[in-house]
Every structure is written in structure tokens, then in C-alpha cells.
Amino acid sequence: MSEEYSIRIEQSFGDIDPEDWNRLSGASKTMRMEPYNPFVSHAFLSAMEQSGSATPETGWLGHHMLLERGDGVLVGAIPAYLKNHSKGEYVFDHGWADAFERAGGHYYPKLQCSVPFTPATGPRLLTAGDVDAARFRPVLASGLRQVTEKIGVSSAHVTFTPDGDTQALTDAGFLHRTDQQFHFINSGFRDHADFLDALSSRKRKDLRKERKAALDNGISIDWLTGSDLTEEIWDQFYTFYMDTGSRKWGRPYLTRSFYSLIGERMADDILLVMAKRDGRYVAGAINFIGSDALYGRHWGCIEDHPYLHFEVCYHQAIDFALSRGLQRVEAGAQGEHKLARGYTPVTTHSAHFIAHAGLRNAISAYLEREREEVEQISDYLDVHSPFRKGERQE
């Protein structure tokens, strides 16, 4: 590469031109790239920051890397944060940190290249297209390693990476880690009934009974998107989020203003599935709409009803995806209970650069065993797929 390039670091998305960033992330309104992933858009990432959800005060100090040509033109970027903890990442390295600290090392701060609080695969080494990706992904991967070494942190972690990013990072000396999620794959189904026909008879019967039971007690379901997402609706959804999140996590990550900001900036990319009883909403789930996928994020409720969580989070997401012709539903981290509801095991990937040679060697050996375990579990779960023999989803 004959031209000169340099990496500039910015701490705030407020100092990054939205159109420049979106041209790399695929979110540009003038030339939106396929596939479009809403989580790497400037709108989403800046809302995380400006709402007080992902800030230095919460342990997320922006360290976003911008790859610039000699004339100042932006040709690549990586969303990155300096972190003093490992919360809100969904790829767990607490054991690595504890072991290194016990050996006298300092694991934190570390570099985390990800979308805060969002366990969804998407581009991390951002470039302007397929041609530029092949050219600049290796430059970004190498640059990330150099920045890690230059600033003297213990490690850099790039999580939920697509295949192209994973390959570029491992080629640059990053360690490869795998995990598992459950996704619904649209194998050309016309509607939910067509999907059910692909299941075994017993599973089909179970899901029909489950969906019917979920709507007992006079419950109905609304899909809200675009102009439906008023501040009153966000108030109600935030109440659900706080109630359920406080019981699950102790302190929910996202602030109320986060929802106002994404509602203002990307309402057409959001689907709220809301459950109503006796004229008021009692539960809801938030999803984000990509060009080929629906991404389920979190849910909450103020009333407990049997099977309502499955209906709002999983069945309704399939219905919406099929109505839009989307290719898959990504329903978040973990959850083998999703298997019985038509979601199949999918391997997720991350890449990790560990500066200390001893720690790197120990983690490398651990990851080799872990990858084998993930593959074995996936094979086991695939055997227990709810689909009829010969019609299991790939």
C-alpha cells in the first residue's frame, strides 16, 4: 500500500462526523450498504454515549480508532473503549482477569472493541465496501494491535465479529474464541403456519398450545414502530425494562434518555412488541430491524403471565421477520429454551490480543479446549432440533 495512513483516536462520537462514520458502517442514508446493521450506526453508538449509558463514569471511555488517508479522508474505523471492568460485554473474561491479577499483573484497563451492552454479531473493522474491506481490514487489525501495545494496556477484545473481521484479526495474531447463540433462520417460509409445518408433529402441537395459553387472560399484542414510538410509549417500556432489569442484573445499564434518543434518530429501525391487558400495556420487548435480520434485545413486564415472555420475545419476532421477508431473528445471548421454539444453534466469534506472553499462552490453550466444547454442544443440540428429519435449518 503506497499511500500513507494514520490512526486518530477520538473519545467521543460527538467529535466524529456522522456521515463519515455511517459511510463506513453502512448506515449512510444516501448510500446505505447491505447488509445494514443498526448497532454500528452513528445514531445508536452516539445515543449510548449521550444518554449516559456508556460513558467514562460507567466504565466505558471512548477510544474510537479512525484510519485516515494522508489527505485526511476517513477510510476505516473501529468502535472501541478503554474499560476498567468487564460488565455489559456478554463474552466473559472475568476468569482471565482474576488469574492475571493473582499473578501480579494488571488486566484493567483493557481495550474493548464492541457495541456496548449488545451481544449481536456485526462489523467491527469498518470500511467503505467489499473492495475496501479486503484492503483495509488487515490494516485496521494490525493498527489495533499496535495501539494496544503503544498505550500499554493488557489486551484488546473484539467481540461478536463476522467472518471477515475474525479472519483479519486472527491473521494479525489475535486469539480466536467461539460461543453459541440461538437464531431463527427463515428457510423460505411464507408465514408462521408454514414455519410450523416444518416442525415435528409434537413440537408443532406444543407451540400452538403455548401461543394460545400466552394470550389467555385477555392479552393482545401490538407491533409499534416509526411514529408509534411516542414518549408515552417509551415511558411505559422503560418501566418494564427497569422492573425486570433490576431483578435480573441489580442495576439496568440503559438510561431513560437512551430510548428518547434512539426514538428520535432511528424509529424506523425499531420494533416494540407490546402486550396489552385491560386497556394498558403490561409487557414489551425491543427489537432492532436490520436489512436482513431482526435483533431482539431485552424485554420487561409488570405482570407475570404463563408463556408471555416466549410469545413477546420469540414467536412475535418470527411473525414480524416473516412479514418483512427478513432472513433471520437473532434473539440475544444464551438460552437453550429457544431451541424448542424454532431457534437453532449458531456459533459466534470473537478475537483477543493478549500482550503478556505467559497469559497469552495460557488463554490460547484454554480457548482451544473451549472451541471443541462449543462444537460438541452445537452438534448435540442440532440432534434435538424441533424440525422434522431432513428439514432442520442450517
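This is a predicted model: local features need pLDDT of at least 70, side-chain atom pairs count only at pLDDT 80 or more; totals for chains, interfaces and linings use all residues.
Begin by colouring the strands, and you will find an open sheet of eleven strands in the order β2-β5-β6-β7-β14-β8-β13-β12-β11-β10-β9, with mixed pairing. At its edges are β2, residues 60–62, and β9, residues 220–224, each of which pairs on one side only. If you look along the sheet, neighbouring strands are turned by 30° against each other on average, with direction ignored.

Next select residues 175–185, which form β8, together with residues 328–333, which form β13; these two strands pair in the antiparallel sense over four bridges. Within this pair, Phe184 stands opposite Val329, a residue of β13.

**Helix α4**

Now select residues 130–151, the helix α4, which lies across β5 (81–83), β6 (110–113), β7 (155–159) and β14 (344–354), and which runs at about 155° to β6. The helix has 22 residues and reaches 31 Å from its first C-alpha to its last, close to the 32 Å expected at 1.5 Å a residue. Follow α4 to Phe136, where a kink of about 40° lies shortly before the proline Pro138. Phe136 is also one of the buried residues of this helix, the others being Ala133, Leu140, Ala141, Gly143, Leu144, Val147 and Thr148. After the helix comes Gly152, whose phi is positive, near 80°.

**Loops with particular backbone angles**

The next stop is Asn217, placed in the loop between α7 (201–214) and β9. Although Asn217 is not a glycine, its phi is positive, at about 65°.

Then select Tyr307, in the loop between β12 (293–301) and α10 (308–324). Tyr307 likewise is a residue other than glycine with a positive phi, in this case near 70°. Is its side chain to be looked for among the buried or the partly exposed residues? Tyr307 counts as partly exposed, because its relative accessibility is 42%, and partly exposed covers the range between under 20% for buried and over 50% for exposed.

Select Cys301 and Cys313 together and display their sulfur atoms. Because a disulfide requires a pair of cysteine sulfur atoms within 2.5 Å, the count comes to zero disulfides. Cys301 is in no disulfide, and its nearest cysteine sulfur, that of Cys313, is 9.4 Å away. Cys301 counts as buried, at 4% relative accessibility, and Cys313 is buried too, with a relative accessible area of 12%.

For the last stop, go to Thr55, in the loop between α2 (42–50) and β2. Thr55 counts as buried because its relative accessibility is 9%. Which residues does Thr55 touch, not counting those up to four places away in sequence? Show Glu49, Trp60 and Leu61 alongside Thr55, for these are the residues that Thr55 touches under that condition.

Key: Residues are numbered from 1 along each chain as its sequence is written. Side-chain values use heavy atoms; hydrogens and water are left out. Two strands pair if DSSP finds at least two bridges between them. Axes are lines fitted to C-alpha atoms, for helices over the stretch in contact, and angles run from 0 to 180 degrees between N-to-C directions. Contact means heavy atoms within 4.5 Å. Buried means under 20% relative accessible area, exposed over 50%, partly exposed in between (1.4 Å probe, protein chains only). The expected span of a helix is 1.5 Å times one less than its number of residues. The bend at a residue is the angle between axes fitted to the seven residues ending there and the seven starting there.
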